[in-house]
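Here is a short briefing to keep beside the structure while you look around.

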Amino acid sequence: MSLLTDFLDEPKIAYFSMEIGLRKEIPTYSGGLGVLAGDTIKSAADLKLPLTAVTLLSRKGFFEQDITPEGRQIEHPSEWNPSDFMELLPEKVTVEIEGRAVSVRAWLYIVESIVGGRVPVLFLDTDMEENSPEDRTITDYLYGGDRLYRIKQEIVLGIGGVRMLSALGFEIKKYHMNEGHSAFLTLELLRRYRRSIEEVWDEKLIWDTEKVRSMCVFTTHTPVEAGHDRFSHDLVARCLGDFIPLDVLKELGGEEDNLNMTLLALNLSDYVNGVAKKHRDVSRVMFPGYEIHAITNGVHSFTWTSDSFKRLFDGYFPGWANEPELLVRVEKIPHEEIWQAHMEAKRHLIDYVNDTTGTGMNHDTLTIGFARRATAYKRGDLLFRDIERLKRIAGGKVQIIYAGKAHPQDEPGKKTIERIFSYIGELRDSIKIAYLKNYNMEIALKMVSGVDVWLNTPLRPLEASGTSGMKAAHNGVLNFSVLDGWWIEGYIEGYTGWSIGPAPSELTPDEETADRRDSEDLYNKLEQEIIPLFYNDRDGWIRMMQHAIGKIAYYFNSHRMMRRYVTEGYL
Ligand SMILES: *Cc1c(COP(=O)(O)O)cnc(C)c1O
């Protein structure tokens, strides 16, 4: 009996994502997009949705991060062994790239929910003997290499993925593209459902775009222009040959010289969404003429709640993990118990920080956390804009924990890490600051549950949603964030957390002005509201922790998100 027999009994949603983060031992993710994909799959398993996921094996991961004492990032391949977690399936398919047949196989990982649901995840792999040495490396590095490497990966994911699902016997009723990386799947579907020329008598009408559209759902994830994948028409022609005639391709996804994967997905999907309401609005301006909806992201509650809060919630709200709405009555939990659960998570984090960095942090000091991809728009060093003021406000009263990787080719992102390191040195005598290496899902959980305040300072409107703040809220950690992405929907000032900078409706001025205004507001609130509340009104602080749990975790979870995808996108 095949390993897959259990899954072939009913038609499935096929969820395609270039990266998926399920657990830290499977390093096939780089950041928010992949972790969201993992949370999506876990909620699908909990809710027993008929879903199967497809991604690349990324044998060498994104990378392991080391950092020199000067703050220079060094990248090492992530070594992991797929057979420790997955079963190699016997089926194989081929895709044609640059005229060569490239073989693709799949590893099966099964996500099992504690309530019994199971979702199969297929990890595509080209490291097979019959492939050329170069083609064997296509599924090595997540987001590695040049444009040629990237287009080969996307051909394997999109075209290889659809073929693999068929070869395994899956019947698919919807294809969900999590970001444009997998949009080549639409071309495979166009070929599959093409009409015969005798039927339509016109070359152009053989491509049944309506049929394909009715089968596809697309989620766009970034308002950053460079985040939308583009390939030159020359490169596409070189790799795909006449898979789809160039004029048809240009019509479906062409800009002047490039194929734009986002346009391709937009034109061939029946349902399209951004990942927060603000992001929907921004996407509509970026892509006028398309009907773009909003499904605000969520996080998988069970995955992103610390052990101490899990125990607490289990006691008061049995079944909360599969019904996070139960957290709405968090006020039932006495302040004392909330604080104990928080201090347990905080001690874990602070001890880890002290063991790994020797920073000598303290369990009782107000602790601020900031961890995300080190890339320019996230402004990881905004906190240091006025060093003297920061010293006056926070000296002796605040300690700060950082983490985050920069993409290997993102020099400005790497420079941000270097600058943070130099501030750490400069402030050594007044503020304890640590930078944890190799940010991953495990460190993320430690951080989002172990700090007191979760800081976020993106340059508006470039944060599509953001999810780490939702994880923080599951642990009663208070968000202090620029009003962008999900936080516009989550904040009630001084009640669920604090905002930084102007109201969402105000336009963003030039970057210099935005940096100045945002950092001033940050310093003011830290000095006048956050530090006094933490040290002088512990009950007031704990009430805000309850609001974060009861009003944010209650809503910003991936169970709610998946129900929205089902009712709006899949059905
Ligand atoms: C949740 C998570 C992210 C995403 O955080 P954002 O605040 O949305 O940028 C990135 N990396 C890891 C490891 C995460 O767990």
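In this predicted model, strands β17 (residues 453–456) and β18 (residues 478–482) run parallel and are joined by four bridges. Strands of a sheet pair in general through backbone hydrogen bonds, in either a parallel or an antiparallel way.

**The sheet around β17 and β18**

- β17 and β18 belong to an open sheet of six strands, and its order reads β16-β15-β14-β17-β18-β19.
- The pairing in this sheet is parallel.
- β16 (432–436) and β19 (497–500) form the edges; each has a single partner strand, so one side of each has no neighbour in the sheet.
- From one strand to the next, the twist averages 20°.

**Helices lying across the strands**

- Helix α14 (residues 411–426) lies across β15 (398–403) and β16, and runs at about 150° to β16.

**Where α1 meets α20**

- Helix α1 (residues 32–46) packs with helix α20 (residues 558–570) at an angle of about 80°, and their axes are 9 Å apart.
- The two helices, α1 and α20, are therefore roughly perpendicular to each other.
- On the α1 side, the residues in contact are Leu36, Asp39, Thr40, Ser43, Ala44 and Asp46.
- On the α20 side, they are Ser558, His559, Met561 and Met562.
- Sorted by class, the contact of α1 with α20 has four nonpolar, four polar and two charged residues.

**Backbone spots worth a look**

- As background, most peptide bonds are trans, and most residues other than glycine have a negative phi.
- Arg460 and Pro461 are joined by a cis peptide bond, with omega at about -5°.
- Pro461 sits in the loop that links β17 to α16 (468–474).
- Ser58 is not a glycine, yet its phi is positive, near 40°.
- You will find Ser58 in the loop between β2 (51–56) and β3 (64–67).
- Is Ser58 buried or exposed? Its relative accessibility is 2%, so Ser58 counts as buried, the cut-off being under 20%.
- Arg379 also has a positive phi, near 50°, in a residue other than glycine.
- The loop that holds Arg379 lies between β14 and α13 (387–394).
- Arg379 has 7% relative accessibility and therefore counts as buried.

**The chain as a whole**

- How many helices and strands does the protein chain have? There are 20 helices and 19 strands.
- The C-alpha atoms fill a box of roughly 80 × 50 × 45 Å along the principal axes.
- For 571 residues, a compact globule would have a radius of gyration near 25 Å, and the 24 Å of the protein chain agrees with that.
- Of the 571 residues in the protein chain, 61% are buried.
- If you take the contacts between residues at least 6 apart in sequence, 71% join residues at least 24 apart.

Note on methods. Residues are numbered from 1 along each chain as its sequence is written. This is a predicted model: local features need pLDDT of at least 70, side-chain atom pairs count only at pLDDT 80 or more; totals for chains, interfaces and linings use all residues. Side-chain values use heavy atoms; hydrogens and water are left out. Axes are lines fitted to C-alpha atoms, for helices over the stretch in contact, and angles run from 0 to 180 degrees between N-to-C directions. Angles under 35 degrees count as roughly parallel, over 145 as roughly antiparallel, 65 to 115 as roughly perpendicular and the rest as oblique. Contact means heavy atoms within 4.5 Å. Ala, Val, Leu, Ile, Met, Phe, Trp, Tyr, Cys and Pro count as nonpolar, Asp, Glu, Lys and Arg as charged, and the others, Gly among them, as polar. Two strands pair if DSSP finds at least two bridges between them. The radius of gyration is taken over C-alpha atoms; the globule rule is 2.2 Å times the number of residues to the power 0.38. Buried means under 20% relative accessible area, exposed over 50%, partly exposed in between (1.4 Å probe, protein chains only).
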